[in-house]
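Dear colleague,

Please find below the structure that I am handing over to you.

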Amino acid sequence: MLAKRIIPCLDIKNGRTVKGINFKHLKDAGDPIQLVCWYTKQGADELVFLDITATNEKRKTLISLVKEISRHINIPFTVGGGIREERDVELLLNAGADKISINTAAFKNPNLLEKFSKRFGSQCIVLAIDTKYELNEWWVYLNGGRILTQTKTLDWAKEGTNRGAGEILLTSMNHDGTRNGFALDITRKISKNISTPVIASGGAGKLEDFYKIFEKGKADAALAASIFHYKEIEIPKLKYYLNQLHIPVRTTVKNTNGKKKHDKF
């Protein structure tokens with residue numbers, strides 16, 4: 001069984017890490033470079049960087065910050081925000097990103113997923129989906145949760161993967177920042193209906209939430225922000241907890257020569 005991944009997320013606005021509740025009321029959460037260095041030492045499996053206002057402000061992702069972050073990490077690094085054409089992907093990958101995350105632009109022009117995956121490989125194309133439960137259904141939202149569509153989340157996830165997305169980053173707007181647990185139902189539904197990995201995002205508040213999203217939600221990875229930023233849950237402790245419950249995670253141990261290595265449990 002593949003190891004489940006723990007992924008800190010840096011939502012970036014004006015060069016600073018921010019965090020809100022239900023995509024609103026953003027507060028400063030620290031310097032992104034300092035957080036990146038901390039997460040690398042903590043044993044994070046990957047890192048996600050989202051320039052959350054780039055699309056709404058109709059501008060490109062902050063390339064200079066991406067370059068700076070890439071200098072401080074040695075783990076996979078996903079970047080999203082304002083990506084609309086192949087040149088954007090090329091610049092980000094050249095700046096140090098391992099994967100790119102695309103959301104609104106892909107929904108408005110699904111052919112982008114086919115073009116990007118064909119040129120750069122589906123393994124580096126992450127389809128980000130912001131979703132909200134209302135009127136007895138999960139619906140897709142665009143522009144950082146500002147615009148409601150008439151498309152069901154499961155339908156878009158299926159289409160996106162069929163068009164070339166290699167991974168789904170699923171964020172529940174209902175759960176975002178609430179610390180009441182991940183959205184188990186929609187995560188499980190998507191995980192069971194597509195063949196690509198699903199990253200669950202939104203709602204992490206305690207250790208048990210991670211166990212539930214892996215065991216009941218069937219997610220391949222769990223993404224969180226504030227509980228990691230404010231050091232309320234440290235990644236080594238979280239991985240030890242999951243390991244004790246027989247959830248396969250990659251943990252850091254020491255070789256006999258004293259150097260660290262990663263093993264799967």
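**Confidence and overall make-up**

The chain has a mean pLDDT of 86, and 84% of its residues reach 70 or more; pLDDT is the predictor's confidence in each residue, from 0 to 100. This is a predicted model, in which local features need pLDDT of at least 70 and side-chain atom pairs count only at pLDDT 80 or more, while totals for chains, interfaces and linings use all residues. Residues are numbered from 1 along each chain as its sequence is written, and side-chain values use heavy atoms, with hydrogens and water left out.

Two stretches call for caution. Over residues 55-59 pLDDT stays under 50, and the model has 12 contacts beyond four places in sequence for them; contact means heavy atoms within 4.5 Å. Over residues 253-265 pLDDT also stays under 50, with 27 such contacts in the model. Where pLDDT is low, the predicted coordinates should not be read in detail.

The secondary structure comes to 10 helices and 14 strands. Helices (H or I, at least four residues) and strands (E, at least two) are DSSP runs, numbered from the N terminus. Of the 265 residues, 54% count as buried, where buried means under 20% relative accessible area, exposed over 50% and partly exposed in between (1.4 Å probe, protein chains only). Among contacts between residues at least 6 apart in sequence, 64% join residues at least 24 apart.

**Helix packing**

Two packed helices are described by the angle between their axes and the distance between the axes. Axes are lines fitted to C-alpha atoms, for helices over the stretch in contact, and angles run from 0 to 180 degrees between N-to-C directions.

Helix α1 (residues 32-42) packs with helix α2 (residues 63-70) at an angle of about 30°, their axes being 10 Å apart. α1 is therefore roughly parallel to α2; angles under 35 degrees count as roughly parallel, over 145 as roughly antiparallel, 65 to 115 as roughly perpendicular and the rest as oblique. The contact is made by Pro32, Ile33 and Val36 of α1 with Leu65, Glu68 and Ile69 of α2. By class, this contact has 5 nonpolar, no polar and 1 charged residues. Here Ala, Val, Leu, Ile, Met, Phe, Trp, Tyr, Cys and Pro count as nonpolar, Asp, Glu, Lys and Arg as charged, and the others, Gly among them, as polar.

α2 also meets helix α3 (residues 86-95): their axes come within 8 Å and cross at roughly 30°, which means that α2 is roughly parallel to α3. Ile63, Val66, Lys67 and Ser70 in α2 meet Leu91, Leu92 and Ala95 in α3, a contact of 5 nonpolar, 1 polar and 1 charged residues.

Thr153, Leu154, Ala157 and Lys158 of α6 meet Ile186, Lys189, Ile190 and Asn193 of α7. The residues of this contact divide into 4 nonpolar, 2 polar and 2 charged.

**Two individual residues**

Threonine 78 is found in strand β5 (residues 77-80) and is buried, with a relative accessible area of 3%. Leaving aside neighbours within four places in sequence, threonine 78 is in contact with residues including Glu46, Phe49, Lys99 and Val126.

Glutamate 208 lies in helix α8 (residues 207-215) and counts as partly exposed, at 34% relative accessibility. The C-alpha atoms of glutamate 208 and leucine 238, which are 30 residues apart along the chain, are separated by 9.3 Å.

Yours sincerely
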